[in-house]
Amino acid sequence: MKALVKFAEGRQGMEIRDLPVPVPKGNELLVKVMAAGICGTDIHLMHDEYTYYPPVILGHEYTGTVEAVGSNVSGFSKGDQIISMTAAVTCGQCKYCREGLLMLCNERRSIGSGVNGAMAEYMVIPAELAFKLPGNVSGNDTMAIAEPLACVIRAVIEQSHVKAGDVVLVSGPGTIGQLTMLVAKMQGAYVIMSGTPQDAQRLALARQLGADAVSSDPQELRKLVENATVNGVDVAYECAGAAPSLDICIDLLKKTGNLAQVGLYGKPIPVDMDKILCKELVLSVSYATERTSWDILLKLASQGKLDKVQHLISARMPLDQWEKAFDMFANKEGYKIYLIP
Ligand SMILES: [Zn+2]
Ligand SMILES: [Zn+2]
């Protein structure tokens, strides 16, 4: 089978290889991959800015169909379309494993970096991490976006507890920002989305997908917040992973508001802690997902509430064209780009 393998440093340390189809162990599913999304993490991996265990097949965002099941697997059969959590290897013993916070296990190795992932024709995944997709969202590859969506569900629904009527700022209109806006809308919030002047198209899409107000101008943004609130926004989601965006969030939050960090900066940044202290802001962060985030995702999916995410899939490209696809993604051409093996 064809697979995109990271075997050494840099971009030249990545290539399409022809590998044997993996054989599922007793507790595993063999999955025929329908689509694998490119994520910022994959770009970091390409540049060796994220831990990996070479040689490894990249890809942690995917959907696919069960091709074969291990001898101890029940509840799945050939043809089921699945999505899955990514922490394929964990210790199973530590406090975090026992609490279902697999991503925080010190021994965690996730698909696409620690063990072989989804940018391949086939992959294996422990059955206990997989979820069957409801019928209304199966038969197509849209739900390859499930992993980042589950991260956002964790950030918005599980960690920040936004409520109907809250006024929310989403700073950064990339894929994560758009998903954050969609989930905050489902929670009943009034959502203001902000970006830079280069984000005009992205902000227009946000408006189209349901954001209540958008702006790329700091002055105008402040007006929008003043018009919609008395004291400032209730929750601000920093989704850009950029220091100026964080400053805007801190500035526009009401006192005692909730500063929710969703984006990754990739480096240490200056933070005005005094402002956070003087406003008594509450900080909520979310790193990846837990099982409950996926349960919520599946319920929303079966209720037909995730249909809008399809607008965030900008391109589908053959796995062979990974270099072009990675470049498009890195250059912010569109949102999610799916590789089709
Ligand atoms: Zn990702
Ligand atoms: Zn553990």
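Student: What makes residues of domain 1 count as being in contact with residues of domain 2?

Tutor: In this predicted model, 10 residues of domain 1 are in contact with 12 residues of domain 2. The criterion is heavy atoms within 4.5 Å, and these residues therefore meet it. Domain 1 is assigned as 2-132 + 306-340, and domain 2 as 152-285. Their C-alpha centres are 29 Å apart.

Student: Why does the pair C39 and E61 tie together separate parts of the chain?

Tutor: C39 belongs to the loop between β3 (28-37) and α1 (40-46), whereas E61 belongs to strand β5 (residues 61-69); the pair therefore links parts that lie 22 residues apart in sequence. C39 and E61 are both buried.

Student: Why is L246 called buried?

Tutor: The relative accessibility of L246 is 5%. L246 is part of helix α7 (residues 243-252).

Student: Which residues does L246 touch, leaving aside those up to four places away in sequence?

Tutor: The contacts of L246 are E238, L259, Q261, Y265, I269 and V271. As for G263, 17 residues from L246 along the chain, the two C-alpha atoms are separated by 9.8 Å.

Student: What makes β11 (213-215) and β14 (282-285) edge strands?

Tutor: Six strands make up an open sheet with parallel pairing, in the order β11-β10-β9-β12-β13-β14. β11 and β14 each pair on one side only, and that is the mark of an edge strand here. From one strand to the next, the twist averages 20 degrees.

Student: How do you know that strand β9 (residues 167-171) and strand β12 (residues 233-238) pair?

Tutor: Four bridges are found between β9 and β12, in the parallel sense. L169 has A236 in β12 as its bridge partner. Helix α4 (residues 175-186) packs on this sheet, touching β9, β10 (190-194) and β12, and its direction makes about 170 degrees with that of β10.

Student: Why is one side of β2 (14-18) and of β4 (56-57) left without a neighbour?

Tutor: These strands belong to an open antiparallel sheet of three, ordered β2-β1-β4. Both β2 and β4 stand at the edges with a single partner strand each, so one side of each has no neighbour in the sheet. Strand β1 (residues 2-6) is joined to β2 by five bridges, and V5 stands opposite E15 in β2.

Student: What makes the crossover from β15 to β16 right-handed?

Tutor: The chain leaves β15, passes through helix α10 (residues 322-330) and reaches β16. With the strands pointing away from the viewer, a clockwise path is called right-handed, and this β-α-β crossover is therefore clockwise in that view. β15 (residues 313-318) and β16 (residues 336-340) pair in the parallel sense over five bridges, with M317 opposite L339. Helix α10 also lies across β1 and β2, at about 145 degrees to β2.

How values were computed: Residues are numbered from 1 along each chain as its sequence is written. Chains are lettered from A and ligands numbered from 1 in the order in which they are written. This is a predicted model: local features need pLDDT of at least 70, side-chain atom pairs count only at pLDDT 80 or more; totals for chains, interfaces and linings use all residues. Side-chain values use heavy atoms; hydrogens and water are left out. Helices (H or I, at least four residues) and strands (E, at least two) are DSSP runs, numbered from the N terminus. Buried means under 20% relative accessible area, exposed over 50%, partly exposed in between (1.4 Å probe, protein chains only). Two strands pair if DSSP finds at least two bridges between them. Axes are lines fitted to C-alpha atoms, for helices over the stretch in contact, and angles run from 0 to 180 degrees between N-to-C directions. Domain bounds come from an automatic or database domain assignment.
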